[in-house]
Amino acid sequence: MKKIIIVTLVGAILLSGCGMNNQSSSPAKIDKNASKENTTTPATSTPNTLLSETSDKKIAIYGVQDKAQKDMFSSLDVVINGETKTFNWINVTNPSFYPQISVVDLNADGKDEIVIVLTKGTGTGVHDSEVHALKSDFTEISVSDPRKFVLSNIKVDLKTDKGIRKYTLSVDGQEHLFEFSESDSNDWFEQPTVQNILKFGIKDNQLIAELPIQISTGNYLGDAIVRFAFVNGKLEPSKIEITKEGSSL
């Protein structure tokens with residue numbers, strides 16, 4: 001009688017183990033037609049490389065490595081309050097230039113916006129930055145390029161005398177004077193440019209852009225600081241000032 005009981009128990013255990021093995025070996029169904037691009041999904045999926053997150057961990061950015069370009073993240077997963085959306089944004093893989101996240105009420109409506117500053121390229125005399133502003137539901141707020149605004153609102157006069165180049169930079173009725181020796185460069189530009197360096201940041205609860213005004217390789221007429229304001233639901237350049245103090249971002 002005892003032998004029968006033991007065999008019965010062993011058999012039950014074996015049958016139970018077989019049932020568990022069969023259950024765990026069944027693959028989960030995956031929808032191959034589901035598009036990853038610009039989709040919102042729960043944040044329970046396996047993340048890529050964590051690049052940035054807020055102190056309360058409610059907002060985070062993960063990078064998707066570019067197989068062809070090892071120095072770039074080819075797309076970014078943005079997580080907001082447990083939801084994830086993938087954007088076709090790029091950022092360099094250098095940890096010193098990972099995306100910056102700011103949570104700020106830009107239009108004083110009592111609701112915070114999420115400002116994400118990306119670095120698309122950087123090097124000697126070059127810094128290519130890009131900014132995106134999101135609402136908490138991933139709706140993107142349009143941000144105008146400040147470069148055209150700067151060139152349209154500054155006036156630069158040049159006078160040369162005995163090997164000295166004297167520049168007068170005028171903006172909003174104010175004049176700023178700069179002097180250089182002709183020997184400071186052998187490739188003086190015919191017109192100033194703001195194409196090579198562009199940085200974004202938040203200051204005094206405002207979105208700002210910083211654009212050095214370049215007149216030759218390595219020579220600048222200070223930095224143009226552009227402040228943005230909401231105009232018809234968009235972030236538009238609204239004010240420009242010139243600083244000689246160097247980068248504040």
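**Close-up 1. Ile202 in strand β14 of a predicted model**. Ile202 is partly exposed, with a relative accessible area of 29%; buried means under 20%, exposed over 50% and partly exposed in between, using a 1.4 Å probe and protein chains only. Not counting residues up to four places away in sequence, Ile202 touches Ser102, Val104, Leu106, Val115 and Leu207, where contact means heavy atoms within 4.5 Å. Leu249 is 47 residues from Ile202 in sequence, yet their C-alpha atoms are 8.6 Å apart in space. Strands here are DSSP runs of E with at least two residues, helices are runs of H or I with at least four, and both are numbered from the N terminus.

A word on the model and its numbering: this is a prediction, so local features need pLDDT of at least 70 and side-chain atom pairs count only at pLDDT 80 or more, while totals for chains, interfaces and linings use all residues. Residues are numbered from 1 along each chain as its sequence is written, and side-chain values use heavy atoms, with hydrogens and water left out.

**Close-up 2. The second largest pocket**. This pocket holds about 230 Å³ of space, and of its 14 lining residues the closest to the centre are Gln100, Val117, His127, Phe200 and Leu249. β14 gives the largest share of the lining, 4 residues, and β7 (100-104), β8 (113-123), β9 (126-134) and β14 (197-203) each supply at least two. By type, the lining splits into 6 nonpolar, 7 polar and 1 charged; Ala, Val, Leu, Ile, Met, Phe, Trp, Tyr, Cys and Pro count as nonpolar, Asp, Glu, Lys and Arg as charged, and the others, Gly among them, as polar. For the record, a pocket is an open set of points on a 1 Å grid over the protein atoms alone where a 1.4 Å probe fits, with protein on both sides within 12 Å along at least five of seven lines, and lining residues have an atom within 4 Å of a point. Points are joined across faces, edges and corners, and the volume is the space filled by probe spheres set on them.

**Close-up 3. The largest nonpolar core**. It has 31 residues, and Val150, Phe200, Ile213, Leu221, Val226 and Ile240 have the most contacts inside it. Strand β15 (residues 206-216) brings the largest share, 5 residues. A core here is a set of buried Ala, Val, Leu, Ile, Met, Phe, Trp, Tyr and Cys residues joined through side-chain atoms within 4.5 Å. Apart from this core lies another, of 15 residues, among them Leu76, Phe87, Ile101 and Leu134.

**Close-up 4. Helix α2 and its two sides**. In α2 (residues 146-153), Pro146, Arg147, Phe149 and Val150 are buried. Seen down the axis, these fall within an arc of 160 degrees, so they line one face of the helix; the arc is that of the directions from the helix axis to the C-beta atoms. They pack against β14, β15, β16 (219-231) and β17 (234-243). Over on the other side, Lys148 and Ser152 are exposed.

Close-up 5. Most residues other than glycine have a negative phi.
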